[in-house]
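Subject: Handover of a structure

Hello,

I am passing this one on to you. Please look through it first, then read my notes below.

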Amino acid sequence: MKERPLPAPIAGKDGFLLKVGLAEMLKGGVIMDVTTADQARIAEDAGACAVMALERVPSDIRKEGGVARMAAIKVIEEIMKVVTIPVMAKVRIGHSVEADVLQALGVDYIDESEVLTPADEANHVWKHGYRVPFVCGATCIDEALRRIGEGAAMIRTKGEAGTGNVVEAVRHMRKVTGDIRRLTTLREEELMAEAKRLGAPFDLVKQVAMTGKLPVPNFAAGGIATPADAALMMKLGAEAVFVGSGIFKSEDPSNRAHAIVRATTHFDDPDEVLAASRDLGEAMRGLEISQIPEGELLQARGW
Amino acid sequence: MASKSAKSLRANYCKHGGGSLKIGVLAVQGSYALHVKSLLACDVEPVLVKRSKHLEGISGIILPGGESTTFHIVMSEDDLLVSLKTAIQKGLPTWGTCAGAIMLGHGEGIPERWNLIGIEVARNAFGRQVDSFVALLEISKFDSLFDGVFIRAPRLKVVAPTVTIMSTLSGEPVMASERNILVTTFHPELTEDLRVHQLFLKKFCNWNLNE
């Protein structure tokens, strides 16, 4: 791919509007993890609204161990070449140079992801400094608001990636939406103390208390493996879903990908979710969360 | 002459004597929730369209921003693809924003286009997300500028003389209409400004504010 002059970040409201704007366009859709151009094509043909380019899917990272980094440039480039839908890619938490590289390459969204091995144990990337939008994982409202404070234009649950077990994504989605509901019940004079307790930026705490929602789209990720899992997350308030290992670690990726897209659109229509759930072949093998040693939980990365 | 036939076409769809005006928003994927919010702010009744049965009783439809390939694939599972296209052909007032415009126009590649408006629409023609931008637009009959939010926007090329260009950016059309169809390559639903929604409701759906 030829080098391109890089446009400067657009300061202020317009810049953030454009970042959130793309997330708005992805709503109601499924973003699929892919590791090759062939998989990206299968994802697009199945109706994915975007793909996430990475080197190994989370379940392989979990199995094989080692340091997980940004995907190889060649792989990302090939994926960008074969699909017309937006292409996202992951950087390690705090790795601003991996982010610089992906922005220069022209990916459409960057996921500062706990699935990769963190590069900075104290700081996340300062995302306001980029023109490309970022998505970050969160397990609760204060984590979400810290990431938004740094410039994230989309929040997703962390879930527990690579397990095919949706329980952690459900926990995080319920926690975030429950936290939001609780904030809306507080009185004005209680918000500063609450911001202090949460360790979250006051202005954002106040905004959530007033509007009853996150200031950016709220998506689900981590452990989604079936059409019913995707519909469940939508029902719990997710505005779109990410599916990682769940598709290309299943018996029939193309069929399953299509079924998950269908169930996400029609999450509130049981007949459609039923139809989407038929004849899918084996799902990926799941992993019980309690069997993962605590030090190996991906969701504990980031803060 | 074109406007006359457009009027009679619309008459078929605009029988909303009394009661609130129902406007569909294609809701298979994309920015449909924002269009719903804008329609509610205009005081009309939004109807989410996910299946062909949801087309009943609507006086117009908005095809939102999103991914046109996803729209096409999800709609193909149901008879929605065929019934929506037929309804638009029969005169259902329709506004396509970005991905919606792609479906309605002509063009090569995926997804398959409907050729319902005389415009060629090239996808992602301004580049990738880092090339997305905001530009102030002059829109005909608006008394002040409009914030045009362009996200991985398509480019329009008018190929039929019956198409009316309503706004341009650096000489290229970004808003145009023909008969019952309006297209914009920008996203009014991302702003608080309701003027394009109101224009669609008034000029295309025969909506009367004082009704």
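How many residues does the contact take from chain B and from chain A? It takes 34 residues from chain B and 41 residues from chain A, where contact means heavy atoms within 4.5 Å.

Some ground rules. This is a predicted model, in which local features need pLDDT of at least 70 and side-chain atom pairs count only at pLDDT 80 or more, while totals for chains, interfaces and linings use all residues. Residues are numbered from 1 along each chain as its sequence is written, chains are lettered from A in the order in which they are written, and side-chain values use heavy atoms, with hydrogens and water left out.

The two chains bury about 3000 Å² between them, 56% of it on carbon and sulfur atoms. Buried area is the accessible area (1.4 Å probe) that two parts lose on being put together, summed over both. In chain B, Arg128(B), Gln129(B) and Val130(B) lose the most area to chain A, together 23% of what that side buries.

Six salt bridges are counted between chain B and chain A. A salt bridge is a side-chain nitrogen of Lys or Arg within 4 Å of a carboxyl oxygen of Asp or Glu. Arg51(B) and Glu272(A) form a salt bridge through their side chains, at 3.1 Å from N to O.

Away from these counts, a note on Asp203(A). Met192(A) is 11 residues from Asp203(A) in sequence and 9.3 Å away in space, C-alpha to C-alpha.

Best wishes
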